[in-house]
Amino acid sequence: MGRAALKQVGRNAPDENVDWRRIAYLVQLSRAIDHMEETRLVPEKKVLYQFSARGHDMAQIMLGCRLTETHDATCGYYRSRPLLLSLGVDPADALGSAMGRAGGYSDGRDIGVVFNYPNSDGASALPMCGGVGAQYTPTAGWAQALDYYGNVLKDDRYRRDIAVVLGGDGSVASNGFWSALTIATTQRLPMLFYIEDNGFGISVPSTVQTPGGNIAANLAGWKDLMIFEGDGCDPAEASRLIEEAVEFVRENRAPALLRLTVPRLEGHSFQDTQAYKSKAVLDAEWARDPLPRLRDYLVPAAMTPEEWNDAAARAAAAAEAARIEAEARPVAIPETVTRHVFFEGEMQAMGGQHRHGYVAPATSDVPVPDGQRINMVTAIRRTLDHEMSINDRVVLFGEDIGPKGGVHAVTLGLQEKFGSERVFDTSLSEEGIVGRAVGMALAGLVPVPEIQFRKYAEPATEQINDCGTIRWRTNNRFAAPIVLRMPGGFFKCGDPWHSQTNEVAFVHQPGWKVAVPSNAEDAVGLLRTALRGNDPVIFFEHRAMLDHAWARRAYPGDDFALPYGKARFTRTGDALTIVTWGAMVHRCEEAAADLSADIIDLRTLMPWDREAVLTSVRRTRRCLIVHEDLGTAGFGAEISAVVADQAFMDLDAPVSRLTMPDIPSPHNPALLDWAVPSVESIRRKIADVVAF
């Protein structure tokens with residue numbers, strides 16, 4: 001053998017610093033579990049969703065074995081179970097979750113391939129989502145939190161930790177991928193994008209996802225992104241590239257993308273027959289199977305044949321033992337499925353400032369007025385200022401909130417006071433704004449993202465939904481308490497893009513609390529509660545009230561906080577009950593100025609004060625609901641249904657509503673004034689209800 005050939009053999013010899021025995025065992029454990037599901041558990045209908053990891057498994061496990069720091073975190077997708085096994089997930093939890101049994105990832109609430117793994121002693125798996133590409137921006141948020149802990153809070157325990165996100169070739173076309181890529185590179189974050197390219201997104205070839213089918217080649221010119229790519233089936237090459245990519249991110253505190261080509265040796269899911277693949281394609285994929293290549297690489301160079309066979313036997317035994325344990329687990333008690341939508345007193349295992357030892361200062365719901373009346377803009381800014389000054393975990397971000405101070409001037413001066421690492425502008429991506437906030441909250445920060453206008457929240461709908469359900473779908477293992485500030489509603493004029501309210505959409509997203517203050521004092525109290533709380537909150541700031549004279553109040557003090565679900569009676573009387581919120585409160589007060597009526601400002605829509613409304617209606621025997629949002633399926637319909645269901649026999653008149661018609665907000669002020677409930681239209685409606 002020539003000298004060059006000897007040198008090549010030496011270069012490809014198994015790295016003595018790699019625990020090849022553990023890798024060999026875990027790959028075979030993953031294969032044994034896949035085989036058991038495919039041949040027994042799915043046909044027996046004990047597993048309803050199955051996604052084989054064959055072909056992806058070896059490289060994933062190599063990657064997981066490199067995640068050795070305490071605050072390393074990864075977020076994967078439905079084919080990421082091998083990675084989870086390498087992090088230390090109990091195979092019985094993996095199989096039990098696939099069977100929908102009690103315990104495991106979710107107590108049977110989520111499908112078994114949607115993983116999570118809180119780990120205080122090592123790398124964690126952040127709660128993944130069912131949506132393709134939804135894993136990217138929360139992982140970017142975790143990476144930014146690592147940077148924040150190290151550089152802002154000067155915590156040396158985070159100096160080498162990294163965030164790793166897994167995605168297939170199909171996911172590189174998603175909004176989440178591109179948003180996270182922008183975040184990671186513009187912010188220079190310690191984040192590794194690991195793309196497992198198997199050539200197909202279900203049946204769609206990767207050439208449809210990105211030009212030429214190679215995202216690494218297409219990103220070669222992307223600034224501030226290190227690219228690694230190679231064969232994920234070659235043990236030597238895959239191990240080397242994974243080590244290089246992980247160490248690059250650790251050492252340079254900068255992002256990298258690692259693309260490894262792998263075969264998907266089974267269908268997208270168990271039901272997928274892969275009829276769209278030719279026999280030649282299937283044969284070529286099986287010829288690349290990494291398992292026999294791993295065996296040939298390790299035996300006899302690093303293991304004897306007996307040791308390899310022993311690892312296979314132990315893996316098969318472990319899989320069988322996991323199956324027995326998993327099948328012995330019961331189904332969760334159905335009545336428990338309503339628990340953990342919100343924080344109930346039992347602390348989540350991971351996520352939020354309270355999990356990191358935060359203890360909120362004492363508060364009072366009794367205002368202590370301080371100085372002259374201020375508008376809502378000033379009240380919100382002053383509250384943010386105070387909470388940031390006493391809690392260095394609070395961070396503000398969004399489009400234009402930095403030097404400009406926000407398009408509504410709410411954050412004016414806060415970046416100058418607290419610095420650009422705590423108050424910063426973002427790229428124009430609501431998916432990225434909310435998704436990043438989720439990852440930061442999971443890491444223990446208090447992110448306060450801003451969406452400039454209510455309508456602009458639509459691109460972030462997936463992240464908003466996923467954030468709200470984290471606590472429930474992980475059965476209280478994780479929570480992501482963020483405070484999402486969002487101005488909306490009409491102002492001097494309207495339009496279909498800046499003037500929506502549509503708060504009911506957020507009420508319909510499980511896990512979110514929704515605040516709709518009508519005045520400066522309530523804004524202070526509700527915002528402070530949100531910033532010190534343990535649940536995600538939509539904080540809706542009505543544009544018409546930000547500087548409205550009626551909404552001005554004296555600052556109620558730095559200890560003032562309001563409970564959610566507790567309405568305020570702004571006026572009391574006997575003729576009828578008027579239920580309203582936001583910009584309609586002052587209009588209702590004007591309209592009922594000469595009438596004896598209860599006017600209830602709900603202040604929060606989730607939860608909402610049912611008892612206050614029902615108690616009032618049972619006394620006045622009439623109910624009018626006034627809101628700015630559309631009538632059909634607006635939140636007033638929910639209130640009306642509850643009143644009709646629980647106070648029907650107390651009513652002397654039908655429950656009535658006054659809302660906008662079912663149209664977008666019109667632009668011309670004359671059209672807007674006609675569409676939005678006015679003082680005069682409210683007055684006429686009151687007269688109709690009272691006269692019934």
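What is the mean pLDDT of the protein, and what share of its residues reach 70 or more? Which residues are then linked in a network of salt bridges?

Reply: The mean pLDDT (the predictor's confidence in each residue, from 0 to 100) is 95, and 98% of the residues reach 70 or more. Over residues 1–9, by contrast, the pLDDT is below 50, and beyond near neighbours in sequence this stretch has two contacts in the model, a contact being heavy atoms within 4.5 Å. This is a predicted model, in which local features need pLDDT of at least 70 and side-chain atom pairs count only at pLDDT 80 or more, while totals for chains, interfaces and linings use all residues. Residues are numbered from 1 along each chain as its sequence is written, and side-chain values use heavy atoms, with hydrogens and water left out.

The structure holds 53 salt bridges, each defined as a side-chain nitrogen of Lys or Arg within 4 Å of a carboxyl oxygen of Asp or Glu. The network that you ask about links Arg40, Glu44, Lys46, Glu320, Arg323 and Glu327. Within it, the side chains of Glu327 and Lys46 meet at 2.9 Å, N to O. Glu327 belongs to helix α13 (residues 305–328) and Lys46 to the loop between α2 (20–41) and α3 (57–65), so this pair ties together parts that are 281 residues apart in sequence. Helices here are DSSP runs of H or I with at least four residues, and strands are runs of E with at least two, numbered from the N terminus. Glu327, at 22% relative accessibility, counts as partly exposed, and Lys46 is partly exposed at 29%; buried means under 20% relative accessible area, exposed over 50%, and partly exposed in between (1.4 Å probe, protein chains only).

Helix α13 also holds the pair Arg314 and Asp310, which are four residues apart and therefore separated by about one helical turn. The closest N and O atoms of their salt bridge are 3.1 Å apart. Arg314 is partly exposed at 41%, and Asp310 is partly exposed at 40%.

Elsewhere, Arg160 and Glu247 form a salt bridge at 3.5 Å, N to O. Arg160 sits in the loop between α6 (136–151) and β3 (163–168) and Glu247 in helix α10 (residues 235–252), so the two tie together parts 87 residues apart in sequence. Arg160 has 30% relative accessibility and counts as partly exposed; Glu247 is likewise partly exposed, with a relative accessible area of 30%.
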